[in-house]
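Q: I would like to learn how to read the helices and contacts of a structure. Can we work through one case?

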Amino acid sequence: MLSKLAIRNVKRSLKDYIIYITTVIMAFSLIFAFNFVSFSEEINEMSELMVNLKYAVIFVSIIIVFVIAWLINYTMRFMFEKRSKEFGTYMILGIEKKQINHLFLLENIILGLIAFIISFFIGILLGNVFSAIVMNLFEMPYKISLKITLLPVLLSALYFILIYAFTLFRSSRRMKKMKIHDLLYLEKKNEEKIWKKKKFRNILFIIFVIMGVVGLWLCDYFFKIMQPNTMIHLLISIILLIISIYGITFTLGDFILNFIKKRKKIKYSKDNLFVVKNFEAKSKTIGMSLGTLSLLITLNLICMNLSFVMKDAFENNIDQQAPYDILVEGIYSDVEESWTGKEDNREKAWQYINYIHQNYEIEDELHYQILTNQSHQVSKHIKDIGSNGLYDYDTYLKVSDYNKLLEMLGVEPIDLKNNEYFVTGDKTVEEGLKAIKEANENITINDKVLSLKDTTIKNFRLGWSTGNSFIIVVPDDVIENMQIVTELYVFNTKNETTEEDYAKLEKIGFYEIEDSGYITQYFPLTIRGYMEAANKSAMTIFSFSLLYISFIFITVVGTILSIQTLSDSNKNKYQHKLLEKLGVEKKDIHKTIRKQITANFLFPVIYPIIIAVVTSFSINRIFYAVTSASMNYLVTIFITIGIFLVIYGIYYIATCMTFKNNIDEESSR
Amino acid sequence: MEILKLENVKKYYGSEKNITKAVNDLSLKIEEGEFVAIMGASGSGKTTLLNCISTIDEVTAGHIYIGNKDITELKENELAKFRRENLGFIFQDFNLLNTLTISENISLALIINKEDVNEVDNKVKDIASKLGISDILNKYPYEVSGGQKQRCACARALINKPKLILADEPTGALDSKSSRMLLETMDEMNEKLNATILMVTHDSFSASFCGRVLFLKDGKIFNEIVKGEKTRKEFFNEILDVLTLLGGDVGNVK
């Protein structure tokens, strides 16, 4: 009879359970989708490195299981409170608590299983969309057939069981602690006060703000210095920020209230008092979960931001490191002692080059040298931290080689007069290049005076210089009697290179490099196809995992806020009825409600947005060098916040509408 | 035979500094077949007392015997069994389950007691016809009127033939016509089915249907009157007299 009643209850209270089911479906659809994709053979076979995706997703899933467990526990508590009176009635009628508990658990399991099965199908759909995106990334034609293997299903089922074991256990505990009286009168429970002394609480608020500022400063310091021994800074910073997030959530409500109470003009204008008081009560009772929400939003914003930055960094990295299909480096050098004179290496280099000539259809090629006269006429201006390359002296490139290299990239060549020089560098030496331009000094090479034409950070490829972050382009005829820093050979092949080409060329052998007595092997070829695959794999793994986290977090945050607000709608109907009785028009009540919901939704996002913007500035310090020139961290963080707010906004609107319906329904009854 | 006996029952709320003595050293007895009302102003401890008797709340001190069993000594599972076998409840806000139809709500108590399945329908029909709700059996609680809901709650409370029916302001949410109908029903339940009913109310009209009225003040029994051979009208006036006295101590008027 118990199971009958449970099934009947599920059927008839489906409307009340809609939030619960949607929550579970959304969460598990995402879990399914991400697992399907990460375990999909097609995706794993795209590149050697892609197998790591599943490990990354499993790792991330550990965090996700915790967060989802928390979410479902929360939803269950909401349902429990909503039905407390019903349970009380059962108890009055003489059903034992144990049985009622079983009934509730049974209902939850039935609903959970239904949701789990639905999410399986939505998961397949979503998984197909995700894998289409990944395939697109690898520029592969996409077939709509994500093969469903057993393992991801089993894993998702395992997560499901873990989450439900935890939540059902919590729910049982909750039920055990309840007395009939509590159950019957739960709705009438009052909000409790945590901070009794006002003075203390205001001081605390200021302390928490200071902690936040210090935390952010330490975080920035860490990214500025970026050394292993500053790890402790990051750790302290994270701890401070977490405390500060929770602390501010607890105390801000009071702080604002205090501020408003003292100013009668604000206090008594319109419905401010009602909204603020309501909010104060909220931040006291649910401060803890609001704090957790703020924390999740912060993490979500940082993860999403990182995901975008990483994507750009990896894409840019390919162009930086492998601008041409094949690049052979270190063919000869006058200055690089570790392989100077090593005939073996030179021979090997030509073996590669000959092999390429014989086996590939070459579209374009260039053999060129990077030269030096060991002077410091230009390099003295470069003072950017961490940007002095392998050599501290000036390195030169002939303008004809430079233009050819540009041409091979499909970029317009530059026009350099006989008495001019041109400096090109990457983003790490941006400051240095500015300094060079400001100084506008002439340089003298082989008694010839050259004036500065211009500097640029565009089009510079690490592959050209193998060492410095900048290079000086000079007229062809001034480079007599210079030492060769390194000699390179670049090819553009007719067909795109692939990972397999790497394997083929690797068979020819390696350079042997002597370094302080040790001989190490070095593969001097950069093959674009291989780099691309590696970069895309790494990018997919990082971005995918980070996006996974942010999607789940945003779902969690949105759902919990909706639930909180909606459970208020039940508790607050008395207040709204009272307002109506006091003569407030319905239109104005709706306005008040909207204000309340807006306050609820806005409150946990403001501080995280501040933290996210500041940390994105700090994170930019290390990603600055590797992201593309067009990448602006401020734009990225605002896009991130924008995406977040759009999804968040959907939750907000849905909540507003449901809340309004609830209240209208109540008053029309 | 005594159905209910309270011995020095105390129920205190609050912290050490600020104690509310909701029920303060109260003793009383109720015989089988009695229809007793407890009256008193708000805050006099009526509902708390009823909650203690109905095992919804625990007493701070003292003993409550229902049919010779001390319910203050029972454990939680024993209490559940005890409630289901001995007590029937009627609440101000009905406490019907919205997911069940009226007939299912009534039969719930039987199902829980694991009565013979074939008997359930007959018993429900029987009690429903006695209370005049036969035609709404297949409706849901939200589809019927407040009076009908409360009669459904009565049926649910009665169907098990409990030793004691506890009613907390049963007419509180009803209009006067429904109130009268309900009270007449309860009167019939008391007379024809010999149900023992303990009702908390602050409404003199409701109380005038009972055989005995206890007046509570500050957690203690302040006065007690019995209907005896009086007409309802006379009894009603008597109740009003006591209430006037109860409403203000002579000492309070200056």
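This is a predicted model: local features need pLDDT of at least 70, side-chain atom pairs count only at pLDDT 80 or more; totals for chains, interfaces and linings use all residues.

Q: How many residues of chain A count as buried, as a percentage?
A: Of its 669 residues, 42% are buried.

Q: What share of the contacts in chain A joins residues at least 24 apart?
A: Take the contacts between residues at least 6 apart in sequence; 85% of them join residues at least 24 apart.

Q: How do I describe two packed helices?
A: Give the angle between their axes and the distance between the axes. In chain B, take helix 3 (residues 102-112) and helix 5 (residues 146-158). They pack at about 25°, and their axes are 7 Å apart. Angles under 35 degrees count as roughly parallel, so helix 3 and helix 5 of chain B are roughly parallel to each other. Their crossing is right-handed.

Q: Which residues of helix 3 and helix 5 of chain B meet?
A: Helix 3 brings I102(B), N105(B), I106(B), L108(B) and A109(B). Helix 5 brings C152(B), A155(B) and R156(B). By class, this contact has 6 nonpolar, 1 polar and 1 charged residues.

Q: Now the two chains. How many residues of chain B are in contact with chain A?
A: On the chain B side there are 17, in contact with 18 residues of chain A. Helix 2 (76-86) and helix 3 of chain B each supply at least two residues of that side. The largest share, 6 residues, comes from helix 2 of chain B.

Q: What classes of residue does the side of chain B that touches chain A have?
A: That side has 8 nonpolar, 4 polar and 5 charged residues.

Conventions. Residues are numbered from 1 along each chain as its sequence is written. Chains are lettered from A and ligands numbered from 1 in the order in which they are written. Axes are lines fitted to C-alpha atoms, for helices over the stretch in contact, and angles run from 0 to 180 degrees between N-to-C directions. Helices (H or I, at least four residues) and strands (E, at least two) are DSSP runs, numbered from the N terminus. Angles under 35 degrees count as roughly parallel, over 145 as roughly antiparallel, 65 to 115 as roughly perpendicular and the rest as oblique. A crossing is left-handed if the near helix is turned anticlockwise from the far one by less than a right angle, and right-handed if clockwise. Two residues are in contact if their C-beta atoms, placed from the backbone, lie within 7 Å. Ala, Val, Leu, Ile, Met, Phe, Trp, Tyr, Cys and Pro count as nonpolar, Asp, Glu, Lys and Arg as charged, and the others, Gly among them, as polar. A residue is buried if 20 or more other C-beta atoms lie within 10 Å of its own, exposed if 12 or fewer, and partly exposed in between; C-beta atoms are placed from the backbone.
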